[in-house]
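Here are my notes on the model, jotted down as numbered points. Have the coordinates open while you read.

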Amino acid sequence: MEKMIYLDHAATSWPKPPAVGEAMMHALEFAGANPGRGSHRMAVQASRVLFETRKEIARLFAVNNPNDIAFGSNTTEALNLAIQGSLQQGDHVIATMAEHNSVRRPLEFLRMQGKIEVDYVPVDASGVMDLKKMERMFRKNTRLVVCTHSSNLLGSILPVGEIAELCHKHRAIFLVDAAQSAGILPIDVGQLGIDMLAFPGHKGLLGPQGTGGLYIAPELDVKPLLHGGTGSQSEALEQPKVRPDRYEAGTPNTVGIAGLGAGVKHVLAMTPAKIYQHEWELTQHIMEGLASIKGIRMLGPEIGQPRTGLVSFIVEGYDAAQLAFRLDRNYGIAVRSGFHCTPLAHESAGTTGTGAVRASVGYNSTQDEADQLIRAVIELTKGN
């Protein structure tokens with residue numbers, strides 16, 4: 001494959017640190033048994049892989065008990081577990097217009113079945129949300145508030161700490177979608193007042209695809225999404241109460257979780273604060289370079305404001321999908337175009353008719369790559 005300038009880290013990080021692949025191969029060779037399903041050495045070693053990764057994630061998110069972290073296949077599964085496992089008939093939910101379909105679709109599925117009611121707090125074109133508007137939406141039956149930590153279209157960072165205060169004031173559960181923030185923004189679940197945190201393994205945590213999980217506060221009783229074998233309490237008819245077994249039915253992705261553990265160690269060594277600063281500086285550089293293009297409109301916070309490592313934009317008179325295609329074909333630059341699974345955010349940005357091009361940087365992106373993107377967009381839009 002020809003050398004690629006990869007600017008699609010908001011979808012999945014690439015390439016992974018070498019230690020990730022090494023950990024996966026080691027697990028495949030030396031921990032290939034089924035964890036929790038035997039007492040022989042290889043089964044014990046497989047269980048150890050899961051436990052060590054759980055400990056590293058607990059360190060990253062300041063979780064007191066690693067067993068409060070349940071592994072799953074991705075953020076979407078984690079969000080479905082949190083949403084479906086915590087809601088009951090007649091509950092009211094508050095979400096935001098910045099949400100990804102991984103939040104919106106499970107909520108709308110339950111709403112269309114007549115089980116819950118949902119309100120969405122508006123965000124403006126920069127991704128800013130009015131906390132006063134959110135507070136006015138609370139009802140006596142508001143059970144859950146769901147909020148993305150950072151928009152995957154706008155890059156805006158929502159005030160999760162302040163939202164948590166509103167939730168606890170109104171005795172609602174607070175669920176945070178950390179798809180764009182885990183490993184990039186410092187997250188302390190206790191300090192921020194987060195009751196449940198859904199996270200991907202393959203984005204900012206630098207692990208392989210097919211990994212992710214959900215932190216569940218110890219006082220919450222969330223119903224399992226899946227029921228089946230856990231290797232524990234096999235004589236019982238019901239899913240075990242003990243964590244994390246309660247939420248991890250079936251054979252886990254031990255090899256992937258081994259890679260995830262290596263990715264998290266890499267993040268901890270670099271620190272989320274330094275990763276964020278690196279990505280923020282690159283996004284500012286990209287925005288400053290693109291600003292000279294006639295007819296361009298960049299979405300989300302203005303230059304100089306906090307944002308995660310992505311820049312979405314449209315150029316008047318140019319189709320977003322065609323522009324992204326030419327960046328790939330003519331320049332070897334990988335970006336994402338379309339609606340990014342977040343139609344509500346596009347509605348807020350006023351781009352429902354056009355979609356947008358999204359360039360997203362990562363821990364290993366360079367200024368030279370950012371410069372090549374800027375030059376390519378300028379060349380493709382000459383004469384605009």
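**Notes on packing and charge pairs**

1. Let's start with phenylalanine 61. Setting aside neighbours within four places in sequence, phenylalanine 61 is in contact with Ala182, Ile187, Asp188, Val189, Leu197 and Phe199. Keep in mind that this is a predicted model.

2. Phe61 also turns up in the core listing. The largest nonpolar core has 77 residues, and Phe61 is among those with the most contacts inside it, along with Leu107, Phe174 and Met196. There is a second, separate core of 25 residues, which includes Ile296, Val315, Ala359 and Ala376. As background, nonpolar side chains in soluble globular proteins tend to be buried together.

3. On to the rings: the structure holds two aromatic pairs. In the pair of phenylalanine 61 and phenylalanine 199, the ring centres are 5.4 Å apart and the planes sit at 55°, so this one counts as tilted. Phenylalanine 61 belongs to helix α2 (residues 41-61) and phenylalanine 199 to strand β7 (residues 196-200), so the pair ties together parts that are 138 residues apart in sequence. Both phenylalanine 61 and phenylalanine 199 are buried.

4. Now the charges. Searching the whole structure gives ten salt bridges. One of them is local: glutamate 52 with lysine 55, where the closest N and O atoms are 3.6 Å apart. Glutamate 52 and lysine 55 are three residues apart in helix α2, so about one helical turn separates them. Glutamate 52 is partly exposed at 34% relative accessible area, and lysine 55 is partly exposed at 33%.

5. Are the two ends buried or exposed? Glutamate 248 is buried, at 15% relative accessible area, and arginine 54 is buried too, at 5%.

6. Arginine 246 pairs with aspartate 221, the closest N and O atoms being 3.9 Å apart. Arginine 246 and aspartate 221 both lie in the loop between β8 and α8, so the bridge ties together parts that are 25 residues apart in sequence.

7. Last one: Glu117, Asp119 and Arg139 form one network, joined by salt bridges that share partners.

Notes:
Residues are numbered from 1 along each chain as its sequence is written. This is a predicted model: local features need pLDDT of at least 70, side-chain atom pairs count only at pLDDT 80 or more; totals for chains, interfaces and linings use all residues. Side-chain values use heavy atoms; hydrogens and water are left out. Rings of Phe, Tyr and Trp (its six-membered ring) pair if their centres lie within 6.5 Å; planes under 30 degrees apart count as stacked, over 60 as edge-to-face and the rest as tilted. Helices (H or I, at least four residues) and strands (E, at least two) are DSSP runs, numbered from the N terminus. Buried means under 20% relative accessible area, exposed over 50%, partly exposed in between (1.4 Å probe, protein chains only). A nonpolar core is a set of buried Ala, Val, Leu, Ile, Met, Phe, Trp, Tyr and Cys residues joined through side-chain atoms within 4.5 Å. Contact means heavy atoms within 4.5 Å. A salt bridge is a side-chain nitrogen of Lys or Arg within 4 Å of a carboxyl oxygen of Asp or Glu.
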